[in-house]
Amino acid sequence: MQAAAARARRLLASPAASGIQGAFSAPHRGCAAGAELVVLPRLDNGFPSSPHQARSFSSNLPRTLLLRTVTSHWQSKKPVRYHMSRAHFATESSDIDHPKESAEELYQKMLKSVEAQTMPPNAWLWSMISSCTSEEDIKLLFQILQKLRVFRLSNLRINANFNDHLCMKVSEACARVGVPDYGLKVLWNHNVYGITPTIGSAHYLLQHAKEHSDTKLMERIMQVLRRNSLPLQPGTADIVFSICYNAHRWDLLSKYAARFVQAGVKLRRTALDIWMEFAAKVGDSQSIWEINSLRGKSVKHYTLTTGFACAKGSLLERKPENAAATIKLLYKHLPDQKKPFKDDRKAMEEALITDIPKMISSMAKSGLDIPVDMDKLTRQPEAA
């Protein structure tokens, strides 16, 4: 211990130590703790472990801090590492994640920030959007959006709306909570919330309408899209066609299909399949051929759905040869599905035996005079 103390005195008396600026004198005492964490790991039981380390230690450490550290070690007889670990623990404890705040708590925080003429952090707004679980939360969200919009205009001179991604998240939150009326507000070009309407935001609401088979909501959404001149996309047609098909609304599907075609939207194969299958289901052969002509411009090969829809169209027009040719063509262009096609032949025959009479019966109930003997159609094939 005496030898170590002597080495420390020599270090303090050395020119290198005396020439160091007093970085931790009175004006800089607030930074001493942070510097101590950097220096202390070089110590072994309070002292440099080697002469080389002692030289580098003395050239980088202020004299006042070294004297205070050594004296503290002699008085308390405790390792200096204890001070380092205690300070390090305090730093880590401040980074512990806080429990997730509710939408109302985040609203109050942002409101106080705005009232204090300070723009709240963006993270608070994002957290509030993800924390919305009720209609009351959504109502608070739109209130704070309006206040932030005014604050950005008056205090920050920012005329631009919030970015598109945030606007889509607002729409998603409205659909998730189940308040589509608020979601419709984000689709208007002129609003007081600083929200830029996008077709992606509309898709969240349309998906909500699909999950609840709500054709009225779908019609309202499509009406708002039209009034605000939002461009329709192929994905929009996929959702709208699915809603109409599931709700058995051929009239709605025909109406919106014409609108998509007029807007120049390139329909995907899924939308075309739904459209042609529905046309065959209601027995509209003219629509089948019109849709098939449109399909040929964008899709080269038939799918099982479109192929059988064309075959049904031929049967509706009493052209069984054309129906057979269509099935042959379908079989030719679907080599990977030959085996399931063969395996499902019996199921297909049974479907034709049951579907055609059902179709004719539905046409008769709708007022059409069809002189067809149903007994002959429903007669079972004789056993071999």
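Select helices H17 and H18 and look at where they touch: Ser 285, Ile 288, Trp 289, Asn 292 and Arg 295 in H17 meet Thr 306, Ala 309, Cys 310, Gly 313, Ser 314 and Leu 316 in H18. Contact here means heavy atoms within 4.5 Å, and helices are DSSP runs of H or I with at least four residues, numbered from the N terminus.

Before you go on, know that this is a predicted model: local features need pLDDT of at least 70, side-chain atom pairs count only at pLDDT 80 or more, and totals for chains, interfaces and linings use all residues. Residues are numbered from 1 along each chain as its sequence is written, and side-chain values use heavy atoms, with hydrogens and water left out.

**The crossing**

Keep both helices on screen. Their axes are 9 Å apart and pack at an angle of about 145° (axes are lines fitted to C-alpha atoms, for helices over the stretch in contact, and angles run from 0 to 180 degrees between N-to-C directions). The crossing of H17 past H18 is left-handed, that is, the near helix is turned anticlockwise from the far one by less than a right angle.

**H17 by itself**

Now select residues 285-298. From first C-alpha to last, these 14 residues reach 21 Å, close to the 20 Å expected at 1.5 Å a residue (the expected span is 1.5 Å times one less than the number of residues).

Which residues of H17 are buried? Color Ser 285, Ser 287, Ile 288, Ile 291, Asn 292 and Arg 295; buried means under 20% relative accessible area, and exposed over 50%, with a 1.4 Å probe and protein chains only. They cover an arc of only 145° around the axis, so they sit on the same side of H17; the arc is that of the directions from the helix axis to the C-beta atoms. An α-helix has 3.6 residues a turn, so residues three or four places apart point the same way.

What covers the buried residues of H17? Show H15 (250-262), H16 (269-282) and H18 (304-316), which are among the cover.

**On to H18**

The end C-alpha atoms of H18 are 18 Å apart, which agrees with the 18 Å its 13 residues should span. Its buried residues are Thr 306, Gly 307, Ala 309, Cys 310, Ala 311, Gly 313 and Ser 314, and they pack against H16, H17 and helix H19 (320-333).

Note on methods: Helices (H or I, at least four residues) and strands (E, at least two) are DSSP runs, numbered from the N terminus.
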